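Hi there,

Here is the structure I promised to pass on. Have a look at it first, and then read my notes below.

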Amino acid sequence: MLPTSNQLPTLGYLHKVVCDCLGLWTSDNQDVTFNVTATEKDRRAALRKAFQSIKKDDGLYGALDDLVAVTTELAPEDAQKVKKSRTIQTYVNLLSNDDFESVDEYMELRQYIQTLIAERYSRWGISELATGFYISALAYYREFVREHACNAQQQKHSFQCFLSQNLRPLISSLACTLLADDSWPAANQDEQWPLRGFADAACQITGISLHKLHQYHEFHKEKPIGEQKPIGEQAWSCDLTSLPVNTRSKQVVDRLRKPSRMKWETFYATVQPLAYQLPEGTQEQTFAAQAFVAMVAHNLNGHVSDCGPFEPQGEACNTHGQPGQHYSIPSSDFIDLRLNNLPIDDDVCAQQAQNYQSLLNSIRGLPGSLNLAAGIPNSLELTYQPENNRFTEDAWHLALDNYPGWLDEWGYARVAISTGDGTKALAHFTNALIQAKYAAGPLFIPFYIQVCAFCKSQYQLLSRRNEEELFDRFYSGLGSAAAEYAELLGYAPYFQRDPKTLIPRSVLPARTTVLFDKTNALAKRLVRIFEANGHPS
């Protein structure tokens, strides 16, 4: 989904962009063997079976130790699956038009893509770089969506800024981190044609012109007469001056200044002979990695162009500082881990806090952002600080210009709650959720808490009348949809199951506790409001 509305593109769409930029797809529809962990569906089925096995005649269940003893026996094993690479590509394309249904679907597909990356790039020694970019790019986009509250205008510019000013520095930074060799000159992050920039830099470093490179390819094209012809590095010692340029090689180099996507094999096969002439101290793996960085940057530029004309607006697009300051996970995730008592170096935390503030400042400067006008706190503040509850009360948004429509729906839902009208609140919450996805930014946190509290209050009220089936029919879908989106984008913690015991565990226990406590406190208030108004739910 291109950003044609006031919502940012989905994670499913960004996932396709990243796969495209990695040059992951080939014309060969080969069989690939995937080693994948058991799915969440299979693990839940095993857990239900385990619960049934420890159920007693009186309807009660055995102890936790009894459950663990059974689940250890019933836990589904990891599996090997053989799929066509094009099957995975089709799945990726379908998700780009829709989105991931859950974080479990997202995590499952990640396993397949990581296997494809290893199959694709191991021979050049760059699979670790490609995998790191794949995982980090998605994590950084989740952070960007969490922090970017959209106003009513189209979000093309915001998305272009993310691709150009966040992901391009990210791939360069990851390459520098993975490679101890720093002999390669830093590329210009604003280079319009990164592939041509790499080719020119490689020629300058090796002292070989593109013209001579074309002659090298022509030398290899000619069939040997008589004695065996030198190949590879040895061919550079031959006299190539009398040879014409190779047409195919020249065509590839000419395409380096065109916006069409570039395949890795096509580009790297053309420039790879230069690696034989690298000066001492520069490794061939560095050459391959920098060529890969240039390809990713080139393909990112293509996706930026797909959204329309783009002109960076100064610092407003500089979302994470200069190359070399990126880490494999986003700054807000680092800080959240620290808030959840994970041991993280103080210097790293200080750098990440600076990166996080840089991101927030840049988002506030984007023309499609509501953050500055509304004085919206960041997502960590809205999660952990109790004094930011004003967004769940009153019609505060009406004083803003160019605010998105989902805020009206949220406001209508709050009015319906105040009058005890659960049916009307349900309708407005449902409409608000649809519009709030990829648009709410940090505001999704108080919205999510209120949705969960509303659903919980309705369940408590209906349970008292033994009408739980009404909750399942009308309210359960709203709560499930909100929770799935919150987990997918990282607003709510992801619960990982132990592969043997199947017991879920939150990776962010402090965040889990805070959200749980806020939801429970609000749910109690809502129950009192509905009871006081005397309206049936």
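Helix 11 is largely enclosed by the rest of the structure, because six of its eight residues are buried. Buried here means under 20% relative accessible area, exposed means over 50%, and partly exposed lies in between, with a 1.4 Å probe and protein chains only. Helices (H or I, at least four residues) and strands (E, at least two) are DSSP runs, numbered from the N terminus.

Before going further, please note that this is a predicted model, where local features need pLDDT of at least 70 and side-chain atom pairs count only at pLDDT 80 or more, while totals for chains, interfaces and linings use all residues. Residues are numbered from 1 along each chain as its sequence is written, and side-chain values use heavy atoms, with hydrogens and water left out.

Back to helix 11: its buried residues are Trp-264, Thr-266, Phe-267, Tyr-268, Thr-270 and Val-271. They pack against helix 5 (103-121), helix 8 (194-206), helix 9 (210-221), helix 10 (247-255) and helix 12, where a contact means heavy atoms within 4.5 Å. Gln-272 sits in the loop between helix 11 (264-271) and helix 12 (284-306). With a relative accessibility of 18%, Gln-272 counts as buried too. Leaving aside residues up to four places away in sequence, Gln-272 touches Glu-284 and Phe-287.

**The protein as a whole**

The protein has 21 helices and four strands. Its C-alpha atoms fill a box of roughly 95 × 60 × 40 Å, taken along the principal axes. Of the 537 residues, 52% are buried. Among contacts between residues at least 6 apart in sequence, 74% join residues at least 24 apart.

**Helix 6 and its two partners**

Two packed helices are described by the angle between their axes and the distance between the axes. The axes are lines fitted to C-alpha atoms, for helices over the stretch in contact, and the angles run from 0 to 180 degrees between N-to-C directions.

Helix 6 (residues 127-147) packs with helix 7 (residues 156-178) at an angle of about 145 degrees, and their axes are 10 Å apart. The crossing of helix 6 and helix 7 is right-handed; a crossing is right-handed if the near helix is turned clockwise from the far one by less than a right angle, and left-handed if anticlockwise. Residues making this contact include Glu-128, Phe-133, Tyr-140 and Phe-144 of helix 6, and Phe-159, Asn-166, Leu-170 and Leu-178 of helix 7. By class, the contact of helix 6 with helix 7 has 14 nonpolar, four polar and one charged residues. In this count Ala, Val, Leu, Ile, Met, Phe, Trp, Tyr, Cys and Pro are nonpolar, Asp, Glu, Lys and Arg are charged, and the others, Gly among them, are polar.

Helix 1 (residues 11-21) also meets helix 6: their axes come within 10 Å and cross at roughly 150 degrees. That makes helix 1 roughly antiparallel to helix 6, as angles over 145 degrees count as roughly antiparallel, under 35 as roughly parallel, 65 to 115 as roughly perpendicular and the rest as oblique. This crossing, too, is right-handed. On the helix 1 side the contact is made by Leu-11, Leu-14, His-15, Val-18 and Cys-19, and on the helix 6 side by Phe-133, Tyr-134, Ala-137, Leu-138, Tyr-141 and Arg-142. These residues divide into nine nonpolar, one polar and one charged.

**Nonpolar cores**

A nonpolar core is a set of buried Ala, Val, Leu, Ile, Met, Phe, Trp, Tyr and Cys residues joined through side-chain atoms within 4.5 Å. The largest one has 147 residues, and Phe-133 and Phe-287 are among those with the most contacts inside it. Helix 19 (residues 444-464) gives the most to this core, with 12 residues. A second, separate core of seven residues includes Ala-46, Ile-54, Leu-67 and Leu-502.

**Two residues with positive phi**

Most residues other than glycine have a negative phi. Leu-502 has a positive phi of about 65 degrees although it is not a glycine. Leu-502 lies in the loop between strand 3 (495-497) and strand 4 (504-506), and is buried, with a relative accessible area of 0%. Asn-402 has a positive phi near 60 degrees. Asn-402 is in the loop between helix 16 (379-384) and helix 17 (406-418), and is partly exposed at 41%.

Best wishes
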